[in-house]
Amino acid sequence: TDRGIAASDSTRAEASSLISALEESWAGTDAFASPYLLRNTEVVYVGQSSSKGSNAAGGKYRGRIGRALFRTDALFQHVLDDVAV
């Protein structure tokens with residue numbers, strides 16, 4: 001799905017449902033207390049409806065013009081604790 005950009009409406013709906021279920025499973029907990037959050041992770045899906053100007057993950061490099069100029073092989077998000085910063 002090109003990290004969500006080329007996802008069909010049905011794929012977006014399914015991904016949104018899965019994301020909501022995951023978010024609900026963490027409700028009432030301190031996510032930063034878990035070792036699962038603090039890591040380097042590959043982003044496989046960004047759920048915004050449009051990325052004409054920019055994208056929530058990747059900024060202008062993942063917007064329409066950025067994708068035309070700069071081919072993206074991978075997209076990563078790094079969530080680190082205060083000690084690593």
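**Fold order.** I began by reading along the sequence of this predicted model, and the pattern I noted is α-β-α-β. My tally for the protein came to two helices and two strands.

**Burial.** Next I looked up how much of the protein is tucked away. With buried taken as under 20% relative accessible area, I found that 18% of the 85 residues qualify.

**Contacts along the chain.** I wanted to know what share of the contacts with a separation of 6 or more comes from residues 24 or more positions apart. The share I wrote down is 57%.

**The largest pocket.** I have its volume down as about 920 Å³. Which elements give two or more residues to its lining? I listed helix H1 (9–25), strand E1 (39–42) and strand E2 (76–79). H1 gives the most, with five residues.

**Who sits at the centre.** I counted 18 lining residues for the largest pocket. Those that lie nearest its centre are Ile 19, Leu 22, Leu 37, Arg 39 and Gln 77, handy names to click on in the viewer.

Last, I sorted the lining of the largest pocket by class. I got 13 nonpolar residues, along with two polar and three charged ones. Arg 39, one of the residues nearest the centre, belongs to the charged class, while Gln 77 counts as polar.

Notes: Residues numbered from 1 in each chain as written. Predicted model: local features only at pLDDT ≥ 70, side-chain atom pairs only at ≥ 80, totals over all residues. Heavy atoms only, no water. Helix = DSSP H or I, 4+ residues; strand = E, 2+ residues; numbered from the N terminus. Buried < 20%, exposed > 50% of the residue type's maximum accessible area, 1.4 Å probe, protein only. Contact = heavy atoms within 4.5 Å. 1 Å grid on protein atoms, 1.4 Å probe; cavity = no way out; pocket = protein on both sides within 12 Å on 5 of 7 lines; lining within 4 Å. Points joined across faces, edges and corners; volume = space filled by probe spheres on them.
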